[in-house]
Amino acid sequence: MSTRRTMLTAIAMGVGSPLALGATGSVGRANAAGVPTEGRAADAPAQNNGLPLTLSGGSWPSPHVQGIAVDRERGLAFFSFTDRLVKTDLAGTVLGSVTGLPAHLGDITLNPKNGKVYGSIFWGDENPYYAPYIAIFDPEQIHEIDESPERNPAISLVHLKQLLADRFVDLDGDGEPDGLYATAGVDGVGFGPRFGSTSGDWLLTVTHSQWPDADRDDNNHQILVQYDAEDFDTYAEPYDTSKPDPTSGPTEIDGQYFVYTGTTRWGIQNLAYDPTLERWLMGVYAGDKPDSLNYTMFAVEAASQPVKQELRGVGVEGETLPLAEDGLRDETTGIRGWFQKADVGLQAMGDGLYYLSTNSVVDGQQTATLTLTTWTGDPHAPFAPAEATEPFEIAPRPTFASQDAHGRIKPGALLVAETGLWRPTPRLSVQWRADGTAIDGATSEQSVSPADGRVRRSPSR
């Protein structure tokens with residue numbers, strides 16, 4: 001009868017740089033995916049809480065960047081360049097791309113539950129007005145540069161029936177679609193809580209793009225539609241030019257909300273939920289109506305309760321949300337916002353950090369540069385570049401106090417993880433594992449090894 005030895009480890013995570021404690025007490029730096037790496041922390045580029053201060057999306061023969069998504073946990077970044085999705089690591093090394101999308105890929109966002117990238121897209125070669133979809137990209141399936149979307153497992157499409165129905169409303173009876181509320185398609189996307197709440201399951205929020213006509217009065221509200229995206233994978237269809245455009249998608253929405261901002265050009269371009277300030281940030285192209293200050297960024301508090309009332313300039317009722325009570329204020333209209341460029345990439349990273357994207361043309365190709373920023377609260381300059389923080393230094397190396405001279409740990413023994421001294425002081429969390437599997441409830445620096453040698457598994461979530 002053989003005896004199976006269980007390897008016990010503790011993983012201590014510090015904000016900015018992870019630290020892995022092994023059964024031998026050794027320590028090493030780890031990358032953003034938690035995989036130990038060699039080298040000194042000082043070798044890394046300038047960072048703040050483990051995020052690079054700047055990040056490039058490369059140069060591409062495409063239209064300008066439309067949106068960004070940064071996966072801090074997996075150490076990946078994604079850039080939407082209208083006809084292609086680009087995948088890089090957090091050093092800016094291009095890892096792959098899906099190129100030749102026969103439509104308009106707009107804003108993108110990261111689904112925190114599955115690590116997939118969700119993007120707004122107009123799709124359809126035969127549809128003269130294009131149909132609104134969510135494109136779901138699986139980063140694990142993107143391996144090469146300039147991959148074709150054709151029957152590519154990296155991309156699938158979910159049809160947004162409600163947005164299409166609004167788009168094809170004929171208001172004046174001339175047989176041409178005018179768009180209910182001046183809707184023209186789909187643009188900003190983001191995951192966050194249901195409007196009116198700062199907690200609960202996160203929903204996918206999708207925004208209508210809108211015709212910017214200065215002579216229309218029904219295009220002064222931003223329109224945000226929320227979906228429970230839990231089952232979006234069941235609707236998703238691959239792109240296949242040998243078949244008709246996909247029509248599978250949810251038949252119901254979770255809610256539709258209206259925010260009075262005055263007219264913008266094409267609606268919300270970038271949408272991001274900020275868990276630090278518990279608010280939604282909305283970046284837009286400035287409108288051109290002469291009776292408005294035409295701000296380029298707005299905010300809505302997540303806890304603001306929707307109020308059903310008549311929509312100005314539309315004549316029908318809708319669930320309305322107020323703008324946040326900070327920023328600049330237009331004394332004529334009461335509209336509040338900022339003159340802040342946030343129309344080609346905006347993401348709240350948590351810990352009070354935000355990535356803003358800028359676009360430029362270099363040697364005839366489009367580029368995107370992300371700058372890590374912090375919130376200032378200044379109505380004239382709401383963001384400021386983040387300052388570099390020193391990489392974590394560790395002394396002495398962590399040890400396991402309950403090990404004997406041979407490194408053995410007896411079942412039922414008290415385990416103590418000595419995390420050592422860190423500079424600067426991080427926020428640490430601990431997870432004990434047996435043979436790499438998390439031990440349920442063992443999340444403090446002291447724990448007891450399984451008495452029977454078996455692994456107690458955490459319940460599925």
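Visitor: What stands opposite Arg84 in this predicted model?

Guide: Thr99, over in E11, faces Arg84. Arg84 belongs to strand E10, residues 84-89.

Visitor: And how do you know that E10 and E11 pair?

Guide: Pairing takes at least two bridges between the strands. Five bridges join E10 to E11, and they run antiparallel, so by that cut-off they count as paired.

Visitor: What makes E8 and E9 a pair?

Guide: Here the count is five bridges, again against a cut-off of at least two, so they pair too. The sense is antiparallel, and Asp71 has Leu76 in E9 as its bridge partner. The two strands form a hairpin with four residues between them, and Gly75 in that turn has a positive phi of about 70°.

Visitor: What joins E9 to E10?

Guide: Five bridges, with the strands antiparallel. Ser80 is bridged to Leu85 in E10. This hairpin has three residues between its strands, and Thr82 takes the positive phi, near 70°.

Visitor: Why are E8 and E11 called edge strands?

Guide: The open sheet has the order E8-E9-E10-E11. E8 (67-71) and E11 (94-99) each pair on one side only, and neighbouring strands are turned by 15° against each other on average, ignoring direction.

How values were computed:
Residues are numbered from 1 along each chain as its sequence is written. This is a predicted model: local features need pLDDT of at least 70, side-chain atom pairs count only at pLDDT 80 or more; totals for chains, interfaces and linings use all residues. Side-chain values use heavy atoms; hydrogens and water are left out. Axes are lines fitted to C-alpha atoms, for helices over the stretch in contact, and angles run from 0 to 180 degrees between N-to-C directions.
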